[in-house]
Amino acid sequence: MKAAARLESMLDTLQARHRRRVLTPASGLDFASNDYLGLAGSQLLQEAAQEALARGVPVGSGGSRLLRGNHTEHEALEAEAAAFFGAEAALFMGGGFQANQAIFATLPAAEDLVLYDALVHASAHEGMRSCRADLRSFRHNDIEDAREKAQEWRTEGGLGQIWIAVESVYSMEGDLAPLADLAGLAREQDAVLVVDEAHATGVFGPQGRGLAHDLDCHLLTLHTCGKGLGVAGGLICGPKVMIDTLINRARPFIFATAPSPLNAALVRAAIRALATQTGLVDAAQQRIGHAHDAARAIGIAEAALNSQIIPIILGDDARTMTMAQGLQTQGFDVRGIRPPTVPRGTSRLRISITGNVDCADISSLFKALAAHQSEAA
C-alpha cells in the first residue's frame, strides 16, 4: 500500500531528526503534567465522584447537547462557572482544544479581523483555519506591533469587529501576556479580547480565577478544566449573545457528543474547592516561588521565571531528548519539547511545577539539572 510506505518514510525521517513522538506511561516525579494543584488524583475529586454517582449522575451523556445529551449537571456547572469567572454566561465543551476551535471558527465574521499573538495555541490556529475573517499576527507580547497591525487594517478599509487572541500564560514559554495593556488596546479599538486562561486557571488571579479576571474591556475567556482544575473539558465564558451564538452555530459543539455529566459534576467540585479553599492557590504559588529560587541558584535566566512553567531552551533536538531521558532515568518526569510544537531551533525542557511534587522534590530536580548542564559544558 503506497500510503503505508509514505507514512513509514515520514516516521523514519522524524526518528532520524529526534522528533518522532511515542506514548509513554507516567513514571517518576511529576514535572511534566499540567496538574498544577494536584487535583487530578485527589481525594477531593474521588469523593465528589462517589457522591455524584450515589445521587444518580450518569457517566455518559448519550448524545449531543442539542439532542438528548444535555443534563442538569452541565447547566449547573455553566451557571456556577459564569458566576465564579465573572461572566454573563458560560458554555461547557469536551475539551479546551475543541472550545478554542469553536470560538475562532464561529464568532468572527467575514468583515472582521482576528489579530493574534504569534505564539497563540494551535487550537486557536485550527479554529482560524475555518474562519472567514482577515487574520494577522503580531509579535509575541508586543503591544505596539499589535496596535500598528490594527491601525493598518483600519487604514486599508477594515470596518468590522477586531478580535484580539492571546494566552494569559503561554504554555511553552511560561511567560505572561501584558493583559492590562491589551485591555487598553481593546478599548481603544472597540475590540473583543479573547484570552485563553488554560494555564492560569487555578493558579493565578483571585481564588484562581485567572489573570483576565476583572479586565475592563469586551472580554471572552477560555478556562480549560483538565489542567489546574484536574478534570477535563473547556469552559467558554463571556457575553450571553456570544454563548448563544456558539450553541446555534459552532460545529465543534453542535456535532459532538456532550461531555460526561459526571465530568461536569467533578468540574463543579473543583471550582467550589477554589472558591472555598484558599490554600490550594497559596500552595501552588509557594511551589512556584521555591522553583524560581532554585532555578536562579543554578544560573537559569530571570526571563524564564514567570510562572509554573519554566522553559530550559537547549536548541538542539538530540541534546534536548538526551537530557530529558537522563532526568527521567533519575526519577524526574521532565519532557523534551521539539518543533513543530515550538519554533525551529528552540527545542527545550519544559519544567512544570505541579501539585504532585513538594519543595524537596523541586530542589532535587534543579540539583540534578545543574549536574546535567555541567556535564554538557
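User: Is the crossing of H5 and H6 left-handed or right-handed?
Analyst: This is a predicted model, in which local features need pLDDT of at least 70, side-chain atom pairs count only at pLDDT 80 or more, and totals for chains, interfaces and linings use all residues. Helices (DSSP runs of H or I, at least four residues) and strands (runs of E, at least two) are numbered from the N terminus. A crossing is left-handed if the near helix is turned anticlockwise from the far one by less than a right angle, and right-handed if clockwise. By that rule, the crossing of H5 and H6 is right-handed.

User: At roughly what angle do the axes of H5 and H6 cross?
Analyst: Residues are numbered from 1 along each chain as its sequence is written, and side-chain values use heavy atoms, leaving out hydrogens and water. Axes are lines fitted to C-alpha atoms, for helices over the stretch in contact, with angles running from 0 to 180 degrees between N-to-C directions. For H5 (residues 96–106) and H6 (residues 122–129), the axes come within 7 Å and cross at roughly 35°.

User: How many charged residues does the contact of H5 with H6 have?
Analyst: Contact means heavy atoms within 4.5 Å, and here residues including Phe-97 and Phe-104 in H5 meet residues including Glu-126 and Met-128 in H6. Ala, Val, Leu, Ile, Met, Phe, Trp, Tyr, Cys and Pro count as nonpolar, Asp, Glu, Lys and Arg as charged, and the others, Gly among them, as polar. Sorted this way, the contact has six nonpolar residues, four polar ones and, in the charged class, one.

User: How is H5 oriented relative to H9?
Analyst: The axes of H5 and H9 (residues 240–249) come within 10 Å and cross at roughly 95°. Angles under 35 degrees count as roughly parallel, over 145 as roughly antiparallel, 65 to 115 as roughly perpendicular and the rest as oblique. The relation of H5 to H9 is therefore roughly perpendicular.

User: Which class do the residues in the contact of H2 with H11 belong to?
Analyst: H2 (residues 43–54) and H11 (residues 261–276) pack at an angle of about 135°, with axes 9 Å apart, so the two are oblique to each other. On the H2 side, the contact includes Leu-44 and Ala-48, and on the H11 side it includes Leu-262 and Ala-265. With no polar and no charged residues, the 12 in this contact are nonpolar.

User: Does Glu-78 count as buried or exposed?
Analyst: Glu-78 is found in helix H4 (residues 72–85). Beyond its neighbours within four places in sequence, Glu-78 is in contact with Arg-65, Ala-90, Leu-91 and Phe-92. Buried means under 20% relative accessible area, exposed over 50% and partly exposed in between (1.4 Å probe, protein chains only). At 9% relative accessibility, Glu-78 is therefore buried.

User: Which residue has the cysteine sulfur nearest to that of Cys-225?
Analyst: A disulfide is a pair of cysteine sulfur atoms within 2.5 Å, and a search of the whole structure finds zero. Cys-225 is in no disulfide, and at 8.8 Å the nearest cysteine sulfur is that of Cys-237.
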